[in-house]
Amino acid sequence: MNAPVSTPGLLYEGADWDFSTLMRIHDACEKVAVRDLGLDFYPNRIEIISAEQMLDAYASTGLPLFYRHWSFGKQFAQHEALYRKGLRGLAYEIVINSDPCLSYVMEENTATLQALVIAHAAFGHNHFFKNNRIFREWTDAKGILDYLEFAKGYIADCEDKHGEIAVERVLDSAHALMNYGVHRHHRRTIDLRSEEQRERERRAHDERMYNVLWSTLPERANQAIGADEVERRRAMLQLPQENVLYFLEKSAPRLAPWQREVIRIVRNVAQYFHPQRQTKMMNEGCATYVHHRILNTLHREGQLSDGALLEALHSHTSVIMQPDFDDPRYSGINPYALGFAMMEDIERICREPTEEDREWFPDFAGSGDPMPTLRYGWSEFRDESFILQFLSPHLMRKMKFFHLKDDAAQPVLRVDAMHDERGYRRLRRALAKQYDPAWMDPDIQVVDVDLAGDRRLILEHRVQDGRLLEEQEARQVLRHLASLWSYDVLLREVDPATGASLREHAVSPPR
Amino acid sequence: MQILDRRLNPSGRSLPNRQRFLRRAKSLVQEAVRDASAKRDIRSADEGGEVSIPLHGIREPSFHHGSGGSRDHVLPGNKEYREGDEIQRPPSGGGGGGSEGSPEGGGEDAFRFVLTREEFLSLFLDDLELPDLAKRRLVEGADPAWHRAGYSVAGTPSNLSLARTMRNSLSRRIALKRPKPEAVAALEAEIAALEGQPGSEEQVAKLKAELAIQLRRSQRIPWIDPIDVRYRRFEPVPRPVARAVMFCLMDVSGSMTEDMKDLAKRFYTLLYIFLQRRYKHVDIVFIRHTHEAAEVDEQTFFHSRETGGTLVSTALEEMRKVVADRYPPTEWNIYAAQASDGDNAAGDSQRTARLLIDEVLPACQYYAYIEVGRDGEHGMPGFPRGPTDLWRTYEQLVSAGAPMAMKKVRNRRDIFPVFRELFAKRGLLEEAKA
């Protein structure tokens, strides 16, 4: 199937490809990526997989190896049903933030799609993973594959020792709190490679340590506990604590060592994915911009035929399609669309700025080559700050953004800002907020443990804009939390301005 | 840069996850399977396929904002709105593009996915506790199949096993030291070379003597001896007839309610699944009867109503005719299941009994009669309902030794126990006869 290349200079002809074609494509893309775009990336590893394997990979959140849990089976079943009915296609690729960078490409792809995918994932995403500050600081690309291997083995071991059901119970509970298994505000150095060894040391250390929860010294009866006593206790338990899973792992009184380790695994995986949530739009924008530039350059240099470029553009345009808000297909802002539009807009500002651009972006308007600006943006920002910094009035007009205020206390919705002189800044701030996880996720922290009484765990939801928790599910999550904590749990929803309690949920652990 | 081909990796990596998921959602899936199988045709009852289960049972909860409070949406594609415009809240409350909160908070959605045939069947049967039917004996057909069975020393030339024959020949030749043709040729060449050379007469004479021995030996020891010859042997093996036909006979007169028909349908479904696992090809013939009988399709069989009297013999007569026309008993395994509420016209019993004994039963592999009744109809204390006409008729036949089975079914729950019992009885009967 080694198709002879009859036109000199073309990387390939027709839809067929083999390994040497892929190699040629990769090398050509690499040349453009380094020479024209100045990208810096991990070494690439490209793996060819079948459609079924792609479904498999979907089911375990895209990771090549993962521990076993029923929820992944559920996802697989769902994807499979949609795929079989033809309601949904499969992604052309999946890329893993690891060193070397793994890209999975499907065997069904045509040669052009492979070129698109390699340019997109193996150079676009790869550069982003390696250079973005959040990824650099919060994930360990070198260690992730080894760690996943360890996690998979560890959980399989636990299943052997303690039974599938017991492990499943812990995993279910930990998954329910997964979004609260992340250190958001302070950084810890992460070295997943030595996790396995540290696991053993940790256990030994904990067994020797004093746990304030188990203090059995008689309380001085009827003596009011001073404020400094409360402070001391909270300090010993490292409270308040936003990372609920971390708190449980360290302080839940009745967990077995293996249960703590399972929680830790879920926590580490959550931490690994945390940057992806925060940079989805930029990451896709970066990859889409990179594949667009690379493929166009290859075409200009005669390495890609006209037909191939048209095929690539066809896929490209369907990926960056953004339906209007009143379109039945609308389901939120397409991260590919906004991301790519922003990158292109930055390119435009660098090359052909208008007066308005010069006023808004004096730093780089008219700087000529957009790449230094883009590379700087890709490395130093996340979605929220990137929008605040780089979204231009020109693009807001082009996308026809408007800001809708939906206050349940009001009978009507109100258009708060639109794409005009008065609205640009407010609009931009509102859009940026939509990408801020701290604003999207309810702000919940562990604040105290009632040591004098029944070891009740107390959490606080600092209510923003009057948005209370969805009650039924909150109670389900709290039940999971209580089963890990083993004692009662109380969640207080408070107004951060006044400190007034708006609603309380109390849950006892299942018997 | 590395390229790896992962396509040959073992597939089904997510199988353990899938099994965990099915275990987790077992009761829900089972319910869905039961519903799905009730809606299906008998013929497709055991195929896999899409089932849908309610989402709440397998939800993974998480903290998220409920409705209420104040929220902001930035939306693309503004057409006519200006700052300060007020828009009526859409009736559903979610808003034009609620970006969070609404997906989970909204209506209870169903979760749809596809089960394989094996998964479907095991859930379907698990629910109903299907006994291990594979162990029960079924009457085998008479048409033998020929199977290879080793080698023999006698046979027809067409069955000659060349490889085996030549192997024997070779080992015999080696054992008896028959000289190879090349060795003889080499000897002859040596003699030819030495002959005529002075001083080699003695050597030539020695070689010639040896050559003579070799030649004599190759003449005496044949290349192929009759004792080398082997033939492929075949053995007749009785082969079950690979085709079966299942007759569904049912009384559809007014007294049969939908519930009763549903019970009958479940029984037929089980029998069909059972036969399907034994035979490559299973036909189904539906015969319904009132005071006259007709062969109909499944839809008509279960869902159209008829009025009229009840003459069971007409159905048996119709079955006899169909058998004679299309299903010669030598080529088909014939199974029949009759469902009725037990009514029969008074004068018809004799004729029914005679038809069964003389015509139908001899052709059949198996004949089952199930009498369906309303739930709660039996067991009314103090007022036991007497046996029906048909029941009495058949009871006489069975006690006289006719190879048929009969059972009463009042409730869905009964179907499986009854089904199992029917087949257990059959096994016992056969063993008793043997």
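Two strands pair if DSSP finds at least two bridges between them. With that in hand, welcome to a predicted model in which strand β5 (residues 412-418) of chain A and strand β4 (residues 86-88) of chain B run antiparallel and are joined by three bridges.

**Where chain A meets chain B**

- On the chain A side, 78 residues are in contact with 57 residues of chain B.
- Helix α3 (residues 70-85) of chain A gives the largest share of that side, 11 residues.
- Sorted by class, the side of chain A that touches chain B holds 37 nonpolar, 18 polar and 23 charged residues.

**Strands that pair across the chains**

- Inside chain A, β4(A) and β5(A) pair with each other in the antiparallel sense over four bridges, and F402(A) stands opposite M418(A) of β5(A).
- A hairpin through four residues links β4(A) to β5(A).

**A four-stranded sheet in chain A**

- The strands of this open sheet follow the order β6-β7-β8-β9 (chain A), and their pairing is mixed.
- At the edges are β6 (443-450) and β9 (501-507) of chain A, each pairing on one side only.
- On average, neighbouring strands here are turned by 20° against each other, direction ignored.
- β6(A) runs antiparallel to strand β7 (residues 456-462) of chain A, with seven bridges joining them; here D443(A) stands opposite R462(A) of β7(A).
- Helix α20 (residues 471-485) of chain A lies across β7, β8 (489-494) and β9 of chain A, at about 50° to β9(A).

**A helix pair in chain A**

- Helix α1 (residues 19-35) and helix α11 (residues 257-300), both of chain A, pack at an angle of about 110°, with axes 10 Å apart.
- Angles of 65 to 115 degrees count as roughly perpendicular, so α1(A) is roughly perpendicular to α11(A).
- From α1(A), the contact uses A28(A), C29(A), V32(A) and A33(A), while α11(A) brings I294(A), T297(A) and L298(A).
- By class, this contact of α1(A) with α11(A) has six nonpolar residues, one polar residue and no charged ones.

Methods: Residues are numbered from 1 along each chain as its sequence is written. Chains are lettered from A and ligands numbered from 1 in the order in which they are written. This is a predicted model: local features need pLDDT of at least 70, side-chain atom pairs count only at pLDDT 80 or more; totals for chains, interfaces and linings use all residues. Axes are lines fitted to C-alpha atoms, for helices over the stretch in contact, and angles run from 0 to 180 degrees between N-to-C directions. Helices (H or I, at least four residues) and strands (E, at least two) are DSSP runs, numbered from the N terminus. Angles under 35 degrees count as roughly parallel, over 145 as roughly antiparallel, 65 to 115 as roughly perpendicular and the rest as oblique. Two residues are in contact if their C-beta atoms, placed from the backbone, lie within 7 Å. Ala, Val, Leu, Ile, Met, Phe, Trp, Tyr, Cys and Pro count as nonpolar, Asp, Glu, Lys and Arg as charged, and the others, Gly among them, as polar.
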